Amino acid sequence: MQINPLTLKRIRRFKSIKRGYYSFLLFAFLLLIAVFAELLINNRALLVYDGEELYFPIYGDIIPGSQFGLGYDYETNYRDLQTIYKKKGENRFVIMPLVPYNAYENDLKKGTYPPFAPSFADRHYLGTDEIGRDMIARLVYGFRICIVFSLLLLVINFSIGISLGCLMGYVGGKFDLLFQRIIEIWSSIPFLYVIMIISSIIIPSLMVLVLISVFFGWMGMTWYMRTMTYREKARDYVMAARALGASNRRIIFRHILPNAVSLIVTFVPFSVAGGIGALTALDYLGFGLPAPTPSWGELLQQGTNNLQAIWIISSIVVALVAVMVSITFIGEAVREGFDPRMHSTYE
Amino acid sequence: MLRLRLLITLLVFLWALPQFSGLAAEQLPVGIHWQTNQKAPVFASPQAKKGGTYRSYMMSFPLTFRHVGPDSNGSFASVIRLQNLSLVGIHPNTEEVLPELATHWAYGDDHRTMYFKLDPEARWSDGKPVTADDYLYTLEFMRSKNIVAPWYNNYYTEEIERVIKYDTYTIAVVSKKAVPELHLKVPISPTPKHFYGKIPKDFVRRFNWKIAPNTGAYYIDKVKKGKYVTLKRKKAWWAKDKKYFKGRYNVDTIRYTVIRDLNTIFEYFKKNKLDSFPLTSPTFWHQKAKGMEVYEKGYVKKVWFYNNTQQPSIGFWLNQANDLFKDRNLRYAFAHALNMDKLLNEILRGDYSRLHNHYTGYGAYTNSKIKAREFSVKKVEALMMKSGWSRGTDGIWQKGQRRFSVKVNYSAELHTKRLVVLKEEAKKAGIEMILKRLDGSSSWKLNLEKKHEAAWTGFSTGLRPAYWEHYHSANALKTQTNNFTNTADPELDKMISQYRLSLKIQQRIDLSQKIQQKLFEIGAFVPAYKVGYFRVAYWRWWQMPDVPATKHSGDLFEELGTGLFWIDAKIKKETLAAMKSGKTFKPETIIEKTFKVD
């Protein structure tokens, strides 16, 4: 595959900004964990061998306890199964993921009350929340939902923002004027109040939340795209293309948009960070995804209510800060990388 | 001659006038059986001493000192209203009728009229005697449009028919409808006619900050708007030596200071600027008040008092109009799938206990043989198999296209963590719960419109169980009624109608027991938990009777309600000295189980 030398140059410049590059690696690693979370953090076993057959319970239907002679028809408790197999000391075995809990189950103990402090013996490496759910599991699965949310938000917001902004800039005139006013009015609707009202009458699912956020978030990109298009439209190469008889569509897609890419790309990381922030804030206020969906906002809420259980608030704050900071660094580096002007800095 | 004739005519006229105009005193019917009650156990302590100040708080300053009308229903209302005694009272432990402003009472045969002999010693704060006219005036007052109190207007028109004066100290109060227990309904309070007079059009404004005379033990003494209100004990209170008032209302002064935040109030308490602090909330009891210094050093005591009062019906209301819950086996299965014990004991620290019955804490009216269905996967399996369901590949019960997945509709954010635990456990039993949290009024509306599958909510209580609104078919499948389970059972209907119409107490009790058994069999309400206690912290110089509160108490310091506590000046002095010198006492937590049930 041939890579455009300009792109190569941009990547090289991006890589040369170490802060951004390492942040990118960290973020990519986190994404990887989130994608394969089931294999790392799960109450289902990776592998079970009951002496006759191998089982891979992670993906697929539940395997009832009766399958392994545990005498119940609900999902096998693989942690118990592991201890049973270990005690018997035969060739049967269970391999559990690194963190053998999912994000929903309440791991409770007699005589003491959650939240439980971090413990290697219990394999709750960051402790549990106030109803005994594993913190790592809540964090990772919550992160996954957060990222899915902000990526979806990003794609939809940008598609609307770019196409409308481009049209406004390209068509200009009354069309431009009309939409400018519409956007101005639209922007003055108080986003938070509306979302509070909506989510108090309906139960928002992930998609509904995305759509509500898009409803109030699509305007941002239009302004930038509009100015960008205005500027590019007036350039000689566009004039030349028009003189050669290129259609409007061809001019927009082949000439103007590629030149606006650098602008779009620099906005991506900040938009992702914005999405994470928005969902976390909504969940924190209790207007986000319905319980018991794992969520960072809910953890933050729990943390502030249980300051004595310092592991809750500290894990979530560290996680939130790490992700937000790394995204910001990536954004910075991307902007540098795509900046056509070369800045020389002396260190 | 003419003069004489005129005089005679006049005399005859004067004699006849009252007969026709109704102004004459009505005749007391013969054969009235007067009763009183001087035999009930006393609940105050004979050792109680008078004196001292009780320092309390209010979260906001009242908007008015009126007992009726706009803004009179705030938290300060109880301070005003508890000062207005009624004709008779109810014993807080035995629930017998006790003399209050009336010394004797009698029931009419029509189950509508109750007769009262007023206590001639009763006085208003200003020393004026309380007479029959003050009760007649209550009706006039409460029916007046000028007080701007629609609820009272309606109640004193639609529920109380009239007050009859026989003489200055004998009256009867007549209810519009016949009711089995008149003493719970008709003992009204007098209203000081000499104070209000003709009710002016601008009553609401003119009387907003006026302090009306009352019949209680305290009067409002000093007021600084926005800051505090002080009450003073009436030194020569007319009832202070009456059997059931002796040893109560002991402190000389009660001071309510405005402190707007609970955490600040707690700090004030720890600094000995307030005398007691409520600790019923688990956050305060288990966290904030745990290991507080004043307690560890023994200056402050903690009490955990189990009461036994009507419990709100918190739980799951299964909508029987829903396809799933039409089947009784599925309703039972749902109940057996709720691991309430795990929730109560492993999450809620055993603070709450299981509610077994919708109608708990109603004394003889409660069928205490009923025990809520326990968590049992085996029982769920048996019930589901009986109805022909089987577990699907995800472990959830299925039958054809149907899945045992239930939307649970609730509103309190605080309850999320409770429901989440139940949800995870129900999964084991093969039932999926989808939690839907809506804002309070939308959630309530959904229930009222019967659009819920299962509603997690509770109703507050009354003095006697109310079955008709919750379980009669007249309210089933209709919007805006309290029959959240859509129960419509002809046999139950019959019992409920009988219960409503019956005027015999024993018959009502028997019916009540049977109705509750039937409701248990129907199984459409799954009871959750109850809070059968209150907890409070207080400085050690406060003294109480051996049993420090009553069966229906909500606090140790019901300064205007039961008013049982008093101050021990010697212990106070000793404690204050000890606090200065650093001497400590043994920390003490009193757990009082006299009225504890199961």
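Q: Which element supplies the largest share of the side of chain B that touches chain A?
A: In this predicted model, 26 residues of chain B are in contact with 22 residues of chain A. At least two residues of that side of chain B come from each of α11 (340–347), α12 (377–386), α13 (416–428) and β19 (432–437). The largest share, 7 residues, belongs to α13(B).

Q: How many residues of the side of chain B that touches chain A are charged?
A: The contact involves 26 residues of chain B. These residues divide into 6 that are nonpolar and 6 that are polar, while those that are charged number 14.

Q: Which strands are the edge strands of the open sheet of 3 strands in chain A?
A: The order of this sheet is β2-β1-β3 (chain A), and its pairing is antiparallel. Strand β1 (residues 47–49) of chain A pairs with β3(A) over 3 bridges. The strands that pair on one side only are β2 (54–55) and β3 (93–95) of chain A.

Q: What is the bridge partner of A:Tyr49 in β3(A)?
A: Strand β1 (residues 47–49) of chain A pairs with β3(A) in the antiparallel sense. Within β3(A), the residue bridged to A:Tyr49 is A:Phe93.

Q: What percentage of the residues in chain B are buried?
A: Chain B contains 18 helices and 26 strands, and its C-alpha trace spans about 110 × 75 × 45 Å along the principal axes. Of the 598 residues in chain B, the buried share is 39%.

Terms used. Residues are numbered from 1 along each chain as its sequence is written. Chains are lettered from A and ligands numbered from 1 in the order in which they are written. This is a predicted model: local features need pLDDT of at least 70, side-chain atom pairs count only at pLDDT 80 or more; totals for chains, interfaces and linings use all residues. Two residues are in contact if their C-beta atoms, placed from the backbone, lie within 7 Å. Helices (H or I, at least four residues) and strands (E, at least two) are DSSP runs, numbered from the N terminus. Ala, Val, Leu, Ile, Met, Phe, Trp, Tyr, Cys and Pro count as nonpolar, Asp, Glu, Lys and Arg as charged, and the others, Gly among them, as polar. Two strands pair if DSSP finds at least two bridges between them. A residue is buried if 20 or more other C-beta atoms lie within 10 Å of its own, exposed if 12 or fewer, and partly exposed in between; C-beta atoms are placed from the backbone.
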